[in-house]
Amino acid sequence: MNRPYGMLAELTYGCPLHCPYCSNPLNLADYREELTTAEWQRVLAEARALGVLQLHLSGGEPLGRRDLEEIVASARGLGLYTNLITSSLGLSPQRAEGLRAAGLDHVQISIQADEPALSDRIAGTTSYEHKVAAARMVKEMDWPLTLNVVIHRHNIDRVGGLLDLAEELGADRIELANTQYYGWAWRNREALMPSRAQLGKAEAVVRAARERLEGKMEIIYVIPDYYSLYPKPCMDGWGQRQLTVTPNGGVLPCPAAHTLELPRASVRESSLEWIWDESPLFNRFRGTDWMPDPCRSCDRREIDFGGCRCQAFQLTGDAARTDPVCHLSPDHDLVADAVRAANEGPEPGVADLIPRVRTRKSSDSPTGLEYSRRVP
Amino acid sequence: MSIAVRSTNRPHLARQVRLEWDPVREQHVLLAPEGVLVLNQTGAIILGLCDGERTVDGIVEELGRRYDRVVGDEVRDFLSRLAAKRWVELGGE
């Protein structure tokens, strides 16, 4: 059996931002019983023994955990590569120094647009100036920096400005990832989806920038799968490369899989090794045996693995169907209709976006972010 | 996208990249912000020699002392691919 390479640790769903495309669950209140420091340390040791090499620390806003430095130090002690995915709200010079001392390898800061008014509007809170200052601080500390931008109808026309900003900040990488429609983004799908004309322009800007910045800054651009011919190879296959641990210890094959009607798995009840190897959850869509047609007989079944189980469930109510994004799917009309609406329907405005609700935690720690993990 | 590797370059790992031994897979691995590269033995030895002091020619020469068959082009191609990903910096000439 394959061993996982990466683990996404969602430390808390608390967040100071209210991004309308947040991929966190809608029922945030169900996740308040967060793992303790000692529980996370045990999970990290189990993850390393299982083969995990990369730890992505996310949330919500991971800085909302006052023990983040301790968690990073434990991870580094185990030899894990540590990657912080943050809004940067809460990243004071003191905390940055503490994280640096703990051995944090890499920092990813999200930004919502290339100018304050729009960025703050999308984030639902005043944050742009702080983010830019935090990005500068990270670079001054000689830390590798990635700028993360979730792309959608309301900022896709600013991709050129975002690339200029990343270059000016000295970012090593920028991820321009079109929104994936899960969690809050699913709720806001119509208002978020860009038009075909917008996508065409953005792709031309990205191509030119890649040429200009080759060897200087890495540019990752993730297209929206609704516009693809084939589905994304979600998580490189169910239970093949990666796993996610949620704030209360739930373990998932992908961060959106909490939506599926499947047996649960938790580090509070089972070892990570049992969950990876044996649990019904991780075995449900592993390999190709579960596949229906057209996937079962498709040459691409081990290239895109039938696409995304969560998207199949969201669109058809059945997680075992072919991802409707695929043009060969019998349910493809569901995606084609949404794309048609985004190109022919009335133009949605920023005001049509429903922000993620505010979270209030029961513990004393401040709260922290949005997260949109790029599907590899 | 191909980056030219010169014999006089003095390659070293980019600062955001770590070379580690993975006791679970019993292989060397290269760890980067959003990726892992599981290395074969030769790859691990080449990267172990990328100390920012040795030249590319020096690395090929050192490999030649350890192995019968060393193809300089393969070493340069390997370094070029990693340089394109910005996992290796080719360094001063």
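I began with the UniProt annotations, whose positions are given in the numbering used here, with feature names shortened, and which may be inferred rather than shown by experiment. The model I am reading is a predicted one, where local features need pLDDT of at least 70, side-chain atom pairs count only at pLDDT 80 or more, and totals for chains, interfaces and linings use all residues. Residues are numbered from 1 along each chain as its sequence is written, chains are lettered from A and ligands numbered from 1 in the order in which they are written, and side-chain values use heavy atoms, with hydrogens and water left out.

**Annotated cysteines**

I looked up the feature "binding site", which UniProt, in an unreviewed entry, places at A:C15, A:C19 and A:C22. I then asked where A:C19 lies, and found A:C19 in the loop between strand 1 (6-12) and helix 1 (37-50) of chain A; helices (H or I, at least four residues) and strands (E, at least two) are DSSP runs, numbered from the N terminus. A:C22 is likewise placed in the loop between strand 1 and helix 1 of chain A.

Why does A:C19 count as buried? I noted that A:C19 counts as buried because its relative accessibility is 1%, the term meaning under 20% relative accessible area (1.4 Å probe, protein chains only). A:C22 is buried too, with a relative accessible area of 1%.

**The annotated domain**

I also read that the unreviewed UniProt entry gives the annotation "domain: Radical SAM core" to residues 1-212 of chain A. Over residues 1-212, chain A is 43% helix and 17% strand, and the end C-alpha atoms are 42 Å apart.

**Where chain A meets chain B**

I next turned to the interface, in which 32 residues of chain A are in contact (heavy atoms within 4.5 Å) with 20 residues of chain B. The area buried between chain A and chain B is about 2,000 Å², with carbon and sulfur atoms giving 48% of it; buried area is the accessible area (1.4 Å probe) that two parts lose on being put together, summed over both. Of the area that chain A buries against chain B, A:L53, A:Y81 and A:E214 supply 26%, more than any other three residues.

I found a count of 4 salt bridges between chain A and chain B, a salt bridge being a side-chain nitrogen of Lys or Arg within 4 Å of a carboxyl oxygen of Asp or Glu. B:R18 forms a salt bridge with A:D105, in which the closest N and O atoms are 2.7 Å apart.

Conventions:
Buried < 20%, exposed > 50% of the residue type's maximum accessible area, 1.4 Å probe, protein only.
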